[in-house]
Amino acid sequence: MFESIPNNVNLSDNKRLQRALEQWQPDFLSWWMEMGPEGFQQDQIYLRTAISVEAGGWAHFDYVKMPDYRWGIFLTPPTQDRRIHFGDNIGEPVWNEVPGEFRKELRRIIVTQADTEPASVEQQRLLGKTAPSLYDLRNLFQVNVEEGRHLWAMVYLLHQFFGRDGREEAEDLLTRRSGNADTPRILEAFNKPVNDWLAFFAFTMFTDRDGKYQLAALAESGFDPLARTTQFMLTEEAHHLFVGETGIGRVVRRTAELMRQSKNGDVSEFGAIPLDIIQKYINEWFSASLDLFGGEDSSNAATFFGAGLKGRFREADDKKYRDHVALDDIYQLDVPSEEMLLKREEIPLRRAMNMVLRDGYVEDCERALERWNSILKEYGLSEQLYLPSQRFNRSIGIYDGHYFDPKGEMISKEQFDKSKSQWLPTEKDYQYVSSLMVPVYEPGKMASWIAPPAKGINHKPIDFEYVIRAK
Ligand SMILES: [Fe+2]
Ligand SMILES: [Fe+2]
């Protein structure tokens, strides 16, 4: 039977929920038309749509106009007799309804995650106009429609489990606006402008990757509907990270190629992006994304873990974690002191759960840096890109209000302000990058500043017509 909202939650048997979601649907669509990709809404895009959770079903490829995309609600199927596997309630059956004592916390977790999904679509809404190729244009829209589906996934939880509050939260998700002074999005990285494609790749590399770790932590949740929803979202998220990591990789490759060709190593004469600007974008987006993990020493993190609401990355893996209660261990943290020194302090492990999650994230980022650096080596270049220190340029947590260079050395505000233009993109850098952003809509052609991808999407050739422009 054709359902207006594709789902695997038996929506047609739950009239109350179905009605609520059918009422929310037109509001979502008008938000999409107003704040989603500008232009291109009548074009045929070669998109992947989730139509079921079975192995082949979640990746169905076809041409579709974005407003006709079938945004659906899909949860990973339940596991029989699943139990809470960490924290104070370890061994108890998982919750299929919101436990009253954690209602406030769960609502906050879900709304915060949900808010990032439409926010990123808003941040990226103008990028189609300057896409470096049809392949990239298609990937941008794929990411956008899937963030829309992630919003649906979270709104399902709000409508199904949080009654009237949930309905109000679902409406508010469509009224806040990224970067708006009066009604901003909840988290700061989601209010930052993403004005050019290097920023888009840095965003999908570093900020979407925070999303992967947050979703993975929630996929361990004792609140089973949240665990199953986020588990399925992770399958789509992998592509977003691919777009970011290979996107920067292709920019690095193009730059490396031209550095070899140019006499003085200056690639700007060829319309490519110099390595030092790429490094500044890495510095900017890595530090902004670290803020998304929250405070290094956090009582909220301890509460969420103790309650069984949010676990560690792959918490169920007993080889990774011997102790799933985490009451006895400590975490060592370098805390800044007044005398411009770092003091090593021990904090209870539960309060450091944001750090534990972040450590895995940083390792994951290091792996991408190694790949980019191996491209530079491939071209015989000695230059290397790096991740800045986790203390550099922070606005949340224990390093906020202190100043560090990218190596992590504590410096004065004056020193920071003096050197800032070497570490973070300047107006001039943004202007240079944006001067390169000219659209390339001819199948198989690439803009001057980026190398072609290694292969196409879904076994299609690179010069496949991934977007058929409406006449
Ligand atoms: Fe998402
Ligand atoms: Fe994403």
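Guide: I462 sits in the loop that links α11 (427-436) to β7 (467-468). The model is predicted. I462 has 18 C-beta neighbours inside 10 Å, so it counts as partly exposed. The cut-offs make this clear: buried needs 20 or more, exposed 12 or fewer.

Now its surroundings. P443 is 19 residues from I462 along the chain, yet their C-alpha atoms are 7.9 Å apart. Neighbours within four places in sequence aside, I462 contacts Y135, G444, P452, P453, K455 and G456.

The loop between α11 and β7 also holds H459. H459 is exposed, because it has 8 other C-beta atoms within 10 Å. Its backbone deserves a look too. Phi of H459 is positive, near 65°, and the residue is not glycine. Most residues other than glycine have a negative phi.

N393 belongs to the loop between α9 (353-378) and β5 (403-404). Here the setting is buried: N393 has 23 C-beta neighbours inside 10 Å, and therefore counts as such.

Back to Y135, one of the contacts of I462. Helix α3 covers residues 134-161. What does α3 pack with? α1 and α3 pack at about 145°, their axes 11 Å apart. Their crossing is right-handed. From α1, L17, A20, L21, W24 and W32 take part; they meet G148, V155, H159 and Q160 of α3.

In α4 (residues 163-172), G166, E169 and A170 are buried. They share one side of α4, because they cover an arc of only 100° around the axis. An α-helix has 3.6 residues a turn, so residues three or four places apart point the same way. R164 and E168 are exposed on the other side of α4. The buried residues of α4 pack against α1 (15-35), α2 (103-123) and α3 (134-161).

Last, α5. Of the 22 residues in α5, 20 are buried, so the helix is mostly covered. α5 has a kink of about 35°, centred on F203. Its length still agrees with expectation: 22 residues (197-218) at 1.5 Å a residue should span 32 Å, and the end C-alpha atoms of α5 are 30 Å apart.

How values were computed
Residues are numbered from 1 along each chain as its sequence is written. Chains are lettered from A and ligands numbered from 1 in the order in which they are written. This is a predicted model: local features need pLDDT of at least 70, side-chain atom pairs count only at pLDDT 80 or more; totals for chains, interfaces and linings use all residues. Helices (H or I, at least four residues) and strands (E, at least two) are DSSP runs, numbered from the N terminus. The arc is that of the directions from the helix axis to the C-beta atoms. Two residues are in contact if their C-beta atoms, placed from the backbone, lie within 7 Å. The expected span of a helix is 1.5 Å times one less than its number of residues. The bend at a residue is the angle between axes fitted to the seven residues ending there and the seven starting there. Axes are lines fitted to C-alpha atoms, for helices over the stretch in contact, and angles run from 0 to 180 degrees between N-to-C directions. A crossing is left-handed if the near helix is turned anticlockwise from the far one by less than a right angle, and right-handed if clockwise.
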